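Here is a short briefing to read alongside the model. Keep the viewer open and follow the groups below one at a time.

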Amino acid sequence: RSLQLNILLAAIVITLIWDKFVLRGSLATAANNSNANANVNANTPMILSMEDSKLKIDQQTWHGGHPPKTHSGSCWCSDTNYCLCTPNSTIDLIVATGKHQEYVWLVRRQDTNQLATMGGFVELSENAETTVRRELQEEMGLTLTTSLSLLGVFSDPRRDDRRQTSSTVFVAQIAEDVTPHGGDDAKEAVRIHLDEIEDHDYFSDHLTILMDYRDMVRKSQGKEPSARRKQGIASDVARTLCHSL
């Protein structure tokens, strides 16, 4: 019995020593990887992929913002070693209301305090229409019960100086007695008249989106487009619009 107890104690001691050795090695490896990543990121963001057990590094830059600014960026490669950086797919939704669609509901962003059309990034396994429904619920607390109309596609690289995006812009009509409430990254929901569009500060190219929408509403009512009181990127941003809503 004494021999068995000694063997058991010896096994416990060996196990503790082994666990300590493995843990120390894991921590050292993690620290080395962290330092290596820090050195790479300190220089410039890169594309990283594995090729023949060696790290492949390519620098990527793009020009965004108005006026254009040079940005360094990074993207991940697939498990087949295929690397391709593309714009992020996003949606924007103009939430229209009023007898003649003369009002729109917007959100005030938490981060910049600017007004913006409701929208967000298309997630994996989603189509654009699914993203509209999800974002509308998250940012305004509304369930989409009407059909969507397509305003157009806004894909100018300058439209967002955080990253390059391509946005599919929809329009949905809601009843006049419905009041959205800000949620998620929206501080509040704000209703404005189409004639007051230029009186506010907007995120990204959303001023362009709203003025294009106003022109299309005017056209559907047999009226001339309103004079645009603001220009800049709002006048020359690249986009493709539908002929009518």
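The buried residues of helix α2 pack against β4, β5, β7, β9 and β10. Here, contact means heavy atoms within 4.5 Å, and buried means under 20% relative accessible area, with exposed over 50% and partly exposed in between (1.4 Å probe, protein chains only). Helices (H or I, at least four residues) and strands (E, at least two) are DSSP runs, numbered from the N terminus.

Please note that this is a predicted model, in which local features need pLDDT of at least 70 and side-chain atom pairs count only at pLDDT 80 or more, while totals for chains, interfaces and linings use all residues. Residues are numbered from 1 along each chain as its sequence is written, and side-chain values use heavy atoms, with hydrogens and water left out.

**The chain as a whole**

- The chain has four helices and eleven strands.
- Of its 245 residues, 36% count as buried.
- Among contacts in the chain with a separation of 6 or more, 66% are between residues 24 or more positions apart.
- The accessible surface comes to about 14900 Å², and 53% of that belongs to carbon and sulfur atoms (Shrake-Rupley method with a 1.4 Å probe; for residues, only the protein chains shown count as cover).

**Helix α2 and its ends**

- Helix α2 has 13 residues and reaches 17 Å from its first C-alpha to its last, close to the 18 Å expected at 1.5 Å a residue; the expected span is 1.5 Å times one less than the number of residues.
- Its buried residues are Ala 128, Thr 131, Val 132, Arg 134, Glu 135, Leu 136, Glu 139 and Met 140.
- At the start of α2, a side-chain oxygen of Asn 127 reaches to within 3.2 Å of the backbone nitrogen of Glu 129.
- Just after α2 comes Gly 141, with a positive phi of about 70 degrees.

- Glu 126 sits in the loop between β7 (118-121) and α2 (128-140).
- Glu 126 counts as buried because its relative accessibility is 19%.
- The side chains of Glu 126 and Thr 131 are joined by a polar contact of 2.7 Å. A polar contact is a pair of N or O atoms within 3.5 Å; within protein, one must be able to donate a hydrogen and the other to accept it, and residues adjacent in sequence count only if both atoms are side-chain atoms.
- Leaving aside neighbours within four places in sequence, Glu 126 is in contact with Phe 121, Thr 131 and Arg 134.
- Arg 134, in helix α2, has a relative accessible area of 19% and is therefore buried.
- With neighbours within four places in sequence again left aside, Arg 134 contacts Phe 121, Glu 123 and Glu 126.

**Strand β9 and its partners**

- Strand β4 (residues 88-97) runs parallel to strand β9 (residues 165-173), and nine bridges join them; two strands pair if DSSP finds at least two bridges between them.
- Leu 93 has Phe 170 in β9 as its bridge partner.
- Strand β8 (residues 149-154) runs antiparallel to β9, with five bridges joining the two.
- Phe 154 has Ser 167 in β9 as its bridge partner.
- Thr 168 is found in β9 and is partly exposed, with a relative accessible area of 22%.
- Thr 168 and Ser 89 are 79 residues apart in sequence and 8.0 Å apart in space, C-alpha to C-alpha.
- Beyond its neighbours within four places in sequence, Thr 168 is in contact with Thr 90, Ile 91, Asp 92, Leu 150 and Gly 152.

- Of the 21 residues in the largest nonpolar core, Ile 94, Val 104, Leu 151, Ile 197, Tyr 202 and Tyr 213 touch the most other members. A nonpolar core is a set of buried Ala, Val, Leu, Ile, Met, Phe, Trp, Tyr and Cys residues joined through side-chain atoms within 4.5 Å.
- The largest share of this core, seven residues, comes from α3.
- Another core, of 19 residues, lies apart from it and includes Ile 91, Leu 93, Leu 142 and Leu 144.
- Helix α3 (residues 206-220) is 15 residues in length and reaches 21 Å from its first C-alpha to its last, close to the 21 Å expected at 1.5 Å a residue.
- Helix α3 is mostly covered, as 13 of its 15 residues are buried.
- Gly 222 follows α3 and has a positive phi, near 75 degrees.
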